[in-house]
Each structure stands twice: as structure tokens, then as C-alpha cells.
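Here's a quick tour for anyone meeting this structure for the first time. We'll stop at a few spots and look at what sits against what.

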Amino acid sequence: RYEERYEHCDVLVIGGGPAGLAAALAATRAGARIVLVDDRPVLGGALQWEEHIIDGQPALHWVSAVESELRAAARTRVLQRTTAFGCYDHNLVALCERSERTSPTAVRERLWHVRAAQVVLATGAIERPVVFPNNDVPGVMLASAAMNYAVQYAVRPGQRAVFVTSCDSAYDAAEALRARGITVVAIVDVRGEPGDSATSAARAGIPVMAGYGPARVHGARVARGIEVRPLEQGAKSWRSDHVQRLDCDVLCVSGGWTPSVHLFSQVGGRLRYAPERAALVPAADLSTIRCAGSASGSFAVQDCLSEGFAAGRAAAHLTGAAAECGVTPAALAKHAGVAPFWASPRDRRRKAWVDLQNDVTRGDLELAVRENLHSIEHVKRYTTAGMAVDQGKTSNMNALALLAELTGRGIPDVGTTAFRPPYDPVTLGTLAGRRVGASYHPLRRTPLDRWHTEHGAVLEDFGGWRRPAWYAAHGDSREERIRYEKRAARTAVSLFDGSPLGKIEVRGPDAAAFLNRMYYNNMRTLAVGQVRYGIMLNEHGIIIDDGVCMRLADNSFLVSTTSGAASRIFSAFEEWLQCEWPDLRVLVTNVTSVWGNVAVAGPRAREVVQRLGTDVDLGRETFPHLAVRCGTLAGVPARIARVGFTGELSFEINVPAGYASALWEALIAQGRDLNATPIGVDALQELRTEKGFLHVGTDTDARTVPADIGMGAILAKKTEDFVGRRSLERSDAKRADRLQFVGIAAQDPNVVLPVGGHIMADPSTRSGSQGYVTSSCASETLGRSVALGLVVAGRARLNESIQVYSGGRVWPARLVSPNWYDPKGERLNA
């Protein structure tokens with residue numbers, strides 16, 4: 001079971017170590033609303049196994065006190081077992097919370113979308129291994145991991161330990177293991193002069209081999225020992241052939257620390273190489289994102305506390321929370337020295353592993369350079385270094401340094417690879433949440449859904465909406481009911497639930513100019529109160545949608561789209577406004593679900609609508625076809641348009657969605673004596689086929705341009721630019737042999753040509769298709785079958801005899817005009 005949550009806060013602190021706790025403490029005391037996130041089950045980070053004194057008390061006591069203060073604060077939320085895996089634009093951070101699964105029905109994982117005014121990244125640092133021969137043998141581990149096992153979990157990682165290091169932190173780990181009964185054979189420090197840490201270790205009885213480096217590990221299935229050799233100054237070569245073997249069963253390695261800058265880099269943060277820390281650190285904080293503690297390259301506990309507290313206080317103050325934060329937590333200052341040491345001198349007889357997850361060796365990097373690959377991105381793809389699920393958390397820095405050495409460049413000149421979300425692997429279940437099964441793509445329901453269900457509608461998915469395909473009644477078959485519904489539309493009155501039709505309001509001083517750019521048709525000349533049919537194109541000049549555009553006022557338009565395209569067209573409008581024409585003063589609003597829509601069509605449609613009572617004059621002269629009026633109908637605010645898809649006198653009535661059901665029932669009641677009949681999508685599709693109205697996506701494909709459907713003349717008349725215009729000027733868009741929209745008449749009027757049937761020059765060869773049937777049905781009104789299709793050079797071939805092939809059968813037919821029913825439009829204008 002998976003869930004999804006949304007949260008807003010003033011300050012988001014990522015990381016529950018010393019820096020993160022200090023930042024959360026300061027922001028909480030300042031009065032900010034904060035969220036503290038940590039990926040571990042308990043707070044404290046490295047303080048859980050490192051021994052420090054903070055504010056005069058053991059570190060774990062300080063952690064407990066801070067946690068209690070945070071949890072007691074009303075405006076602070078603490079999330080444990082939660083990983084921040086992605087940082088996106090405008091401080092949107094994605095979190096994955098993993099539950100303890102106390103019961104089989106408990107939530108397994110929870111996806112959080114957190115929008116924060118300020119973000120403090122206290123993500124810590126990851127200890128680096130060292131590259132040397134046989135460093136993949138079991139028993140070789142990071143020094144901090146061995147310390148964690150021994151201190152926090154009371155697990156002895158081995159009996160005899162050898163430490164290989166280039167930094168001071170390994171000395172603390174060695175002392176922690178020695179204090180718990182593990183024999184520390186030696187600390188092999190590649191630095192010639194380790195400093196005070198080595199002196200303290202020697203005083204405690206731990207041998208320190210300064211200036212030595214690891215030559216190779218002994219053992220196959222488990223570490224048995226390690227060979228060490230003295231290094232030259234700079235650690236680039238061996239000083240002598242003298243080899244000393246140290247027997248051990250656990251080898252603890254520490255090559256320094258790499259700040260976890262993944263989230264910082266995901267939002268465009270830049271890094272710089274700090275040689276004194278042998279690490280890539282943030283070059284500068286961003287305006288709303290700041291790094292603190294080890295994440296910024298400050299590895300000493302005192303520095304983590306002071307940076308974290310300052311970052312939390314600054315972040316809170318920027319959000320307006322300015323209460324007194326108190327005194328910065330203090331710990332004993334301690335030097336955290338480190339020297340750059342990436343790999344032992346080359347041993348060509350043995351493999352030295354750089355990326356332990358993807359089995360990338362030092363030799364693989366050398367081969368990449370010999371192949372003349374110098375870019376880190378190219379080397380990464382050639383060797384797969386850093387491309388495992390850990391995204392190179394322990395290998396990237398070593399790979400960068402070795403590539404710099406192999407190519408004779410400095411580490412800053414090599415650069416870094418791209419850090420991409422997720423920081424840690426995230427299960428597909430977490431990303432999907434509850435969007436599975438029926439909830440994956442929920443069907444939207446119209447305001448009349450209950451009425452349709454109660455009155456026998458066969459409901460199907462049309463463009464993501466649950467809509468009536470046809471209405472079952474009296475035991476009639478589907479074909480019988482569709483004929484009945486069509487007959488009502490042609491002879492009396494039909495009612496169609498058009499609520500799913502897209503309704504997009506476009507307002508503003510530049511609304512006309514904007515729509516003129518989005519439509520292929522000219523919308524500047526559209527007068528108030530008028531409606532115009534239009535098509536929209538993509539940048540390739542391909543038809544992507546059609547519908548009508550209504551001008552409600554000088555600066556107010558209502559765009560009607562097909563049902564399945566409403567959200568897509570709305571998104572396109574927003575994209576063009578925000579990215580291409582931000583100077584236009586236009587506001588776009590998707591109001592599809594705000595308005596219910598009922599299409600009343602048929603010879604007696606006007607009579608039924610008038611019976612409801614309206615202040616709109618429905619007369620033929622005052623309210624002609626392709627006009628729109630705003631007023632009241634049955635006392636309800638309404639937008640009434642003289643448009644339709646049946647080819648009959650039609651009124652599309654838009655009312656607030658809450659009144660749609662009452663309007664529908666009132667129309668049924670007022671038109672009962674006129675045989676007012678609800679019709680479904682199937683009947684509507686056959687009615688529009690008879691009329692010759694095309695349906696985008698059915699009678700067009702991904703290559704159809706306006707000229708293919710007989711609207712090419714508009715291009716010459718419209719002088720202004722619009723989306724797709726340039727593509728329509730290409731020679732390919734003007735070819736005479738393109739697929740064109742035409743009617744197809746079967747020679748036998750009783751034959752309903754199969755949709756998808758191909759127009760063939762020689763059906764016997766089953767090759768050389770010249771087009772195909774897109775729509776087809778039997779027409780009781782016309783007394784024959786009718787069909788529409790896309791045919792090569794179709795309009796120039798009208799009345800030409802053709803043959804339609806499908807499923808091994810052939811039907812003779814001829815090409816005709818697509819306008820089968822009422823070609824002069826007299827019934828539309830009734």
C-alpha cells in the first residue's frame with residue numbers, strides 16, 4: 001500500500017545529523033514552520049556512533065533533548081526513515097518515507113511533495129574508499145562503517161583490524177574499535193606527517209605507519225592480510241621495494257570525505273574543488289537553498305553545529321520568522337585534516353577497483369583514455385563508472401581524480417558528471433501511489449451520469465469520460481436503438497449530453513490576437529455574439545483539434561474543443577503564453593467541468609427550448625446558425641450557441657454544472673409530446689458521418705494538414721502568423737498526391753464499408769494502398785450506406801470508381817463529396 005502527501009513549509013531541513021538538527025533547532029526557535037527530514041530510523045546521523053561532548057553533555061543526550069524540543073513545537077514536523085530523492089524547480093522537493101510496517105495493511109511507503117520557501121541541505125558526507133589492488137575482497141570496508149557496527153549496533157566487524165587512511169577521522173574509528181576489544185594491528189597513514197591524531201594513537205598503543213600505502217590485499221573469499229610499502233613524497237610512487245605484510249581479518253579504509261551535493265546540483269548549484277579538503281564543495285549558496293555542515297565541506301562537529309545553526313536562523317529570517325534563536329550549540333573544536341590520496345601506485349598484475357557496484361577498474365579508466373576519451377561524461381558512459389544505482393556515491397571522486405592524473409589535468413579542469421534524481425532508488429509503487437487499477441486513469445463523469453445510469457444508458461469510455469454510447473430499452477438491439485435515436489434527431493428532437501466538450505475561457509486585451517495565432521482560421525474578425533468553426537495545428541502544421549470559438553465580449557472568448565483534447569489544448573495555450581508570448585495580456589481558464597452542456601437538435605428543437613422560458617430571442621433571423629447568446633433559461637444563467645454536430649437545427653446550451661440535471665429533465669418533460677429522445681455517442685457519430693462532418697483523430701491522422709480536408713484556401717487569405725504556418729509552406733504540405741478527405745459510396749447501397757478498408761488499385765496484389773475508410777454507417781434517412789475516408793488526391797478524383805479491400809473481400813465503390821446529407825445546409829439554418 002502506498003500513499004501520496006503534499007506539504008508546504010517555511011524551511012525544509014534535509015538531514016538529521018549535527019548540522020541538520022542545529023538548523024532545525026534555530027528555525028523552530030525563530031518561529032518558522034519547518035519540516036525536518038532524515039533517512040535513518042533515529043536522528044543524530046554520525047553522532048549515533050561518534051563520541052562528542054555538545055553543550056557540556058554527551059552527544060546522544062544533546063540529540064535527545066533537541067528531538068524532544070522539535071517534536072513539542074506545534075509548527076515543526078519531523079520525518080524519519082524519509083529520503084529526499086529529488087530537488088526540482090521552485091523548491092519542490094520529493095521525499096520517500098518508508099514505514100515500519102507494523103501491520104500487513106500499514107502504508108509501505110509514502111511519497112511527499114514538499115514546497116518550501118527555504119531549503120537547508122545538511123545532507124552530510126560519504127566516506128571515500130581508496131583504490132588499490134584486490135580492494136574488493138570481503139572484509140575491506142569503510143572505517144566509518146566499521147565504527148558504526150561496533151558502536152551503534154555492538155557488532156564486531158572482525159578480530160584484527162588494519163586501518164588505511166589519508167585523514168584524521170580514521171583515528172577516531174580505530175580508537176572506538178580498540179576500546180571495544182578489537183585488536184588494531186596498525187594504522188597505515190599515507191601522509192608522511194599525520195599530526196596530533198597519530199601522536200594520540202601511538203600514545204594509546206596503536207602502531208602508526210606514516211608514509212606507507214596499501215600494496216595489495218591477501219585473501220580470496222575473505223581478507224587475510226595486507227601488504228604495505230613506503231611511499232615517495234606525494235604518494236605517486238613507491239619509495240622502495242620493501243614490503244611488509246600485516247595480518248588482519250578486517251581492513252578499514254578512509255580516503256577522506258565526499259560531501260553529498262547531489263540535491264544541490266540537481267537544482268543547478270555549482271561546485272568547486274577544495275584541495276585542502278580533497279573534495280568538491282558548493283561554490284556558493286543559492287538564493288533559497290543553502291548547504292551546511294559536511295555537505296558544504298566542513299567535517300568537524302563544531303563547524304557542523306555552527307554552520308547548521310546559522311543556516312537555519314538565516315533561512316527562517318528570510319521567511320519572516322525573526323524570534324530569538326538562542327545560543328549556537330558548542331562542541332570541542334577538533335582538526336579534521338585530510339590529504340588527497342586516490343589510489344596506490346599502479347600494479348599492472350592485479351586489478352584495483354574504482355566502482356565496486358559496476359566492477360570498473362583502474363585499468364578500465366586507462367583504456368578509456370587510450371581510446372582518446374577525455375571528457376568525464378564520455379568516460380562515464382564508456383566505463384559505466386558512477387552509473388550504478390548508487391550514482392557513484394563512493395566512486396565518482398576517485399574516478400575524477402584518476403582521470404585528471406591520466407590526462408595530465410587538474411581536477412577542476414575535468415569537471416563533474418550530472419547528478420540526476422532520484423538520489424536513492426525509489427520503488428515504482430511509491431511513484432504510482434494509488435494510481436493503479438481503476439484509479440490509474442479514472443473516468444470522469446458528467447453531471448448527468450446518474451440519470452444516464454438509471455435510464456439504461458450503455459456507458460463507455462470516450463476521451464476519458466464515462467458517456468452513453470446508446471440507450472438500451474424495450475429489449476431492442478444496439479443497432480435498433482441507434483436507428484431510433486437517429487430517427488428522433490432527424491424528425492423530432494434529440495437531446496445529447498455534451499458536458500465533456502472542452503470549454504476554455506480566454507480573456508484579456510490581447511485575447512483576439514492570441515487566438516488568431518493559435519487557430520488556423522482567422523479569429524480577429526469574429527464579431528461579438530458570433531461563433532466560428534476552427535482547427536488548431538501543431539508546429540508541424542498537423543491538425544490536432546477542431547471545434548468552435550465563441551466571442552462573448554470584446555475581450556472574452558469561449559473556446560470549445562473535443563472532449564479528449566480539453567486538457568491538452570489548455571496546456572498548449574499556457575505553454576505558448578508562458579514560453580513564447582509572455583508579453584500578451586491574456587488569461588486562460590479551463591472551465592470544462594464548471595459548465596454542463598446539453599445539445600438540443602432536430603426540426604422541433606427551437607420549440608422545446610422555447611417552452612422552458614428564456615429571455616433570449618430564439619428566432620431564425622435574430623439568432624442564426626453560428627451565433628451565441630448569453631441570458632437565462634428556465635431562470636438559470638445560460639450560454640446558448642446555434643451549433644451542432646448532427647446537421648440539424650441545434651442549440652448547445654451551457655448552464656452551471658449544478659443545474660445540468662434539472663435542465664435535462666425539464667427538456668425531457670417539455671419535449672415528451674414531441675418525442676424528445678436522448679441519444680448516445682454512437683448515434684451522434686453516425687449523424688455527423690451522414691452530414692460529412694469530420695472527427696479529428698478518426699477522419700484525420702498524424703499527417704493531415706488543412707488542405708487535406710478542403711481548407712487550404714484560408715492560408716492565402718490569412719496574412720498573420722499562426723502556429724504551424726511555416727510548416728504549411730513546405731513542398732510536402734502542398735503535394736497533390738496527399739491523402740485527402742472525401743466521401744466513399746459503395747456500389748451496393750446496402751453494403752456498409754468496413755472502417756479501415758483500403759482503397760486499392762489492384763486488390764489482387766494486396767499492395768499499393770491509396771487510402772482507407774475512416775467512418776462508415778448505414779443511413780435510414782438517405783436510404784443507403786455512407787462512408788468517409790482519406791484517399792490519395794481524393795478531391796481531384798471525385799466520381800472515380802475504386803475498390804475497397806478488407807479481410808480478403810473487395811467492394812466496388814466510387815469517390816464522392818463527403819457532404820451526404822443536406823449539402824446546402826438548409827436544415828442547419830432552419
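## Where α15 meets α16

Start with helix α15, which covers residues 511-518, and helix α16, which covers residues 566-580. In this predicted model, the two pack at an angle of about 115°, and their axes are 12 Å apart. Angles of 65 to 115 degrees count as roughly perpendicular, so that is the label for α15 and α16. The crossing in which α15 passes α16 is right-handed.

Who does the touching? On the α15 side, the contact is made by Phe514, Leu515 and Met518, and on the α16 side by Phe573, Trp576 and Leu577. Sorted by kind, the residues of this contact come out as 6 nonpolar, with no polar and no charged ones.

## Where α8 meets α9

Next up is another pair: helix α8 (residues 362-370) and helix α9 (residues 376-383). Their axes come within 10 Å and cross at roughly 125°.

From α8, the residues making the contact are Asp364, Leu365, Leu367 and Ala368, while α9 brings in Val379, Tyr382 and Thr383.

## A hairpin of two strands

Now for some strands. Strand β34 (residues 628-633) and strand β35 (residues 636-641) run antiparallel, and 6 bridges join them. Together β34 and β35 form a hairpin, with 2 residues between them.

In the turn, Ala634 has a positive phi of about 55°.

## Glu690, tucked away

Last stop: Glu690, which lies in helix α19, a helix made of residues 681-691. Is Glu690 buried or exposed? Its relative accessible area is 1%, and anything under 20% counts as buried, so Glu690 is buried.

What does Glu690 touch, leaving aside residues up to four places away in sequence? Its contacts include Lys486 and Arg490, along with Cys777, Ala778, Ser779, Glu780 and Thr781. Val786, Trp820 and Tyr821 are also touched by Glu690.

Terms used
Residues are numbered from 1 along each chain as its sequence is written. This is a predicted model: local features need pLDDT of at least 70, side-chain atom pairs count only at pLDDT 80 or more; totals for chains, interfaces and linings use all residues. Side-chain values use heavy atoms; hydrogens and water are left out. Helices (H or I, at least four residues) and strands (E, at least two) are DSSP runs, numbered from the N terminus. Buried means under 20% relative accessible area, exposed over 50%, partly exposed in between (1.4 Å probe, protein chains only). Contact means heavy atoms within 4.5 Å. Axes are lines fitted to C-alpha atoms, for helices over the stretch in contact, and angles run from 0 to 180 degrees between N-to-C directions. Angles under 35 degrees count as roughly parallel, over 145 as roughly antiparallel, 65 to 115 as roughly perpendicular and the rest as oblique. A crossing is left-handed if the near helix is turned anticlockwise from the far one by less than a right angle, and right-handed if clockwise. Ala, Val, Leu, Ile, Met, Phe, Trp, Tyr, Cys and Pro count as nonpolar, Asp, Glu, Lys and Arg as charged, and the others, Gly among them, as polar. Two strands pair if DSSP finds at least two bridges between them.
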